[in-house]
Amino acid sequence: MPTVVLGLGNILLGDEGVGVRVVEALEARYDLPPEITVIDGGTSGMDMMDMLAGLDELIVVDALRTDKPPGTIVHLTGDAVPALFRTRISPHQLGLSEVLGALALLDEAPKSLTLVGVAPLDLDLGMALSPTIAAQLDPLVERVVADLRDRGHQVNRKRHA
Amino acid sequence: MRITVDPITRIEGHLRVDCEVEDGKVTNAWSSGQMWRGIELILRGRDPRDAWVFTQRICGVCTTVHAIASVRAVENALDMEIPLNAQYIRNMIVAAHGIHDHIVHFYQLSALDWVDIVSALQADPQAASSLAQSLSGWHRNSAQEFRQVQQRLQAFVDSGQLGVFGSGYWGHEAMILEPEVNLMAVAHYMQALEFQRKANQIVAILGSKTPHIQNLAVGGVANPINFDSQSTLTLERLLQIKRFIDEVGSFVKDVYLIDVAAVGAKYADWTNYGAGVTNYMSVPDLPIDTRGTEFALPGGYISGGDVGTFRPISSYHDDYFRDGVKEDAKHAWYENDAALHPYDGETEPHYTDFQDDGKYSWVKAPTFYDERVQVGPLANVLCMYAAGHEPTQRYTNLALETVGSIAGLGGPLPVDALHSTIGRHAARAVRCAVMHEALGDQWSRLMENIGSGDTDTFNRPVFPAGEVRGYGFHEAPRGVLSHWIVIDDGKIANYQAVVPSTWNAGPRDINDAMGPYEASLMDNPVADPEKPLEVIRTVHSFDPCLACAIHMVDPDNNELVRVKAL
């Protein structure tokens, strides 16, 4: 049951990097079984294709543009997810939707897809999360852990973390 | 008539191209972009040894590229020597990343400007296979494979979910390839998805991780070499890398190079469009000594499209490069218009509206000794060709001969045909083949050096009191990248990254001379202003990367390219 938890975002731009911060915290706090791989995807696209091929489950954690107030956590599964990643940043860059599309073309797309998103507050230059989003870090990590446990993975809190 | 092509949805003006079109031709052009100009604010006051960790987050495509340029800048400031093993390991990462990047650019990012997916459905797989086999000995050109690709494509189209193919101008009158050529290209598009992964796996093995490599250090690399330990760079891993190198090589030479030649031959008109700025700059790369004075790949400067004017940039300490670079902001949204050297760079914003004759871009206009220059694979290939680099001359001639033969010209295409939209694609394929050969060479050098008993990978940097300055350059997949650092008492005091797309996408300069994108669009044909495929072809041929690497999900706006014709 190969599973990837993928954190996306730019850590140089405040809350934009929240997805990466969540997967960092997940790895630091929990012992994960061997079938789970945690990836800090940053803002990359095609570089990740190999790691995302042939998965049973892909859980993506990312900042999410939405009308809801900053800090709102959004949890989506299934077909609703890929369409969200269709926005392309530059004519060069291939985003996650292209990677998933390419994997679909090769019959290697993840069997199940989950998005754990959060509405950001501050996308200005800087390495720190805003207090509003930092306060959501724990609930976001717990949301991912709950998703993993729901699917039968053994995810245990590290003793001293 | 004015058309605006704004490929960016979420960030208005991320890269926007405006053209005036009269009688089916572009008569004026503006390139406007939003460029990352904030890295110095993140880095100021930090330890220079950590800078590369942050710079590789600037861009989601060019992660390793910014990491390499950053460590080189600090090493240059400290006048360091780098152990040979570290040079070779870095060089292999550079080469493998470049190969991956070029394959993805041609097939996944620009082939569909020339190849009509829907037309491929009409092809006879047997005829397509015969055609492909007449061009190359590639083992995956069988009618059976092509038939499977066609069926898969048909299923995609039938499902109504075109996915990656959703944004093409299918059926556009400027799409002229026969169905069989289109089918061959689609089959190779799918194979490219496989082979770019193999190239990236080399980066992953050497870099310990991907997409963000972990193995760099100012002074070398953090890969301990020990053939007996599993946690280090072992013989087994090096042999695995060699297998990937060999597999990728067949694809580059028997598929990519041939496909580009075939597209070039069929679209021969496009050797007449898109030249633009024909001053070319590239920097030498793949250092093969400890001081950065000898390189596997040469670089330099060519003036006015004449390879006879080539002047080399010879080392990491060549004042010719260091003293020639300036950026001005007469047409960019910054306070100070003046042309400044990167060590003295200023980034105080001054936003106006989009002013055709005034300021209209966040990208500054870089110059080399006050001239606009084009950077990228075409500049790199022409400079290496001019420098007499044998593999470059061999693959360039092979590409030009193949085009000539497919087009039935009775001889090779002249080198001057490369000053064009299609020439940039051809040069990228040539560079990919050259990089592949260089990758194999660096692998052999590493094996030989380790075999001789040298396992050094790191020299410890020492920071003096007071101020030191340095620059690191790198011939990245999109061209010359340079990082410029000022270090004061061991801390970063200033940092500027002059990225390849700045050179190409910059607006008019202080003398109102057009940048390469702008100049290259002049006289481009535009058959249908509502669907300016031809404009996109020329801009894509540069492999534009203005990715400031923001990656936020946007459920409301899925539009890919917005075109506005007024």
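Predicted model: local features only at pLDDT ≥ 70, side-chain atom pairs only at ≥ 80, totals over all residues.
Let's start with the charged pairs. Searching the whole structure turns up 34 salt bridges over all chains. One of them sits in chain A, where Arg151(A) pairs with Glu57(A) and the closest N and O atoms are 3.8 Å apart. The two partners come from distant parts of the chain, 94 residues apart: Arg151(A) is in the loop between helix 5 (137–150) and strand 7 (156–157), while Glu57(A) is in strand 4 (residues 57–63). Arg151(A) has 35% relative accessibility, so it counts as partly exposed, whereas Glu57(A), at 6%, counts as buried.

Another pair takes us across to chain B. The side chains of Glu108(A) and Arg197(B) form a salt bridge, with 3.0 Å from N to O. Glu108(A) belongs to the loop between helix 3 (96–105) and strand 6 (112–118) of chain A, and Arg197(B) to helix 8 (residues 179–207) of chain B, so this contact joins two chains. On the chain A side, Glu108(A) is partly exposed because its relative accessible area is 24%. On the chain B side, Arg197(B) counts as buried at 10% relative accessibility.

Staying in chain B, look for Glu437(B) and Arg394(B), whose side chains meet in a salt bridge at 2.7 Å, N to O. Glu437(B) is in helix 13 (residues 421–451) and Arg394(B) in helix 12 (residues 390–407), so the pair ties together parts that are 43 residues apart in sequence. Both ends are partly exposed: Glu437(B) has 26% relative accessibility, and Arg394(B) has 35%. Elsewhere, Arg2(B), Arg16(B), Asp18(B) and Asp356(B) are joined into one network by salt bridges that share partners.

Now for the cysteines. How many disulfides does the structure hold over all chains? The count is zero.

Next, a well-covered helix. In helix 16 (residues 533–541) of chain B, nine of the nine residues are buried. You'll find Asp543(B) in the loop between helix 16 and strand 16 (562–565) of chain B. At 1% relative accessibility, Asp543(B) counts as buried.

There are other backbone details to check. Leu286(B) is another residue other than glycine with a positive phi, near 60°. Leu286(B) is in strand 7 (residues 285–287) of chain B, and it is buried, with a relative accessible area of 0%. Thr210(B) and Pro211(B) are joined by a cis peptide bond, with omega at about 5°. Pro211(B) is located in the loop between helix 8 and strand 4 (216–217) of chain B.

Phe227(B), Leu235(B) and Leu239(B) make a nonpolar surface patch of about 230 Å². One of these, Leu239(B), is in helix 9 (residues 235–266) of chain B and is partly exposed, with a relative accessible area of 39%. There is a negative surface patch as well, formed by Glu335(B), Asp344(B), Glu346(B) and Glu348(B). Glu335(B) is in the loop between strand 11 (325–328) and strand 12 (365–368) of chain B, and at 46% relative accessibility it counts as partly exposed.

One last stop is Gly453(B), in the loop between helix 13 and strand 13 (467–476) of chain B. Is Gly453(B) buried or exposed? Its relative accessibility is 56%, so it counts as exposed. From Gly453(B) to Met1(B) is 68 Å in space, C-alpha to C-alpha, and the two are 452 residues apart in sequence.

Conventions. Residues numbered from 1 in each chain as written. Chains lettered and ligands numbered in written order. Heavy atoms only, no water. Patch = residues over 30% accessible without salt bridge, like charges linked within 9 Å, V, L, I, M, F, W, Y side chains within 5 Å. Areas by Shrake-Rupley, 256 points an atom, 1.4 Å probe, with all protein chains shown as cover. Salt bridge = Lys/Arg side-chain N within 4 Å of Asp/Glu carboxyl O. Lys, Arg positive; Asp, Glu negative; His and termini not counted. Charge placed at Lys NZ, Arg CZ, Asp CG, Glu CD. Helix = DSSP H or I, 4+ residues; strand = E, 2+ residues; numbered from the N terminus. Buried < 20%, exposed > 50% of the residue type's maximum accessible area, 1.4 Å probe, protein only. Disulfide = S-S within 2.5 Å.
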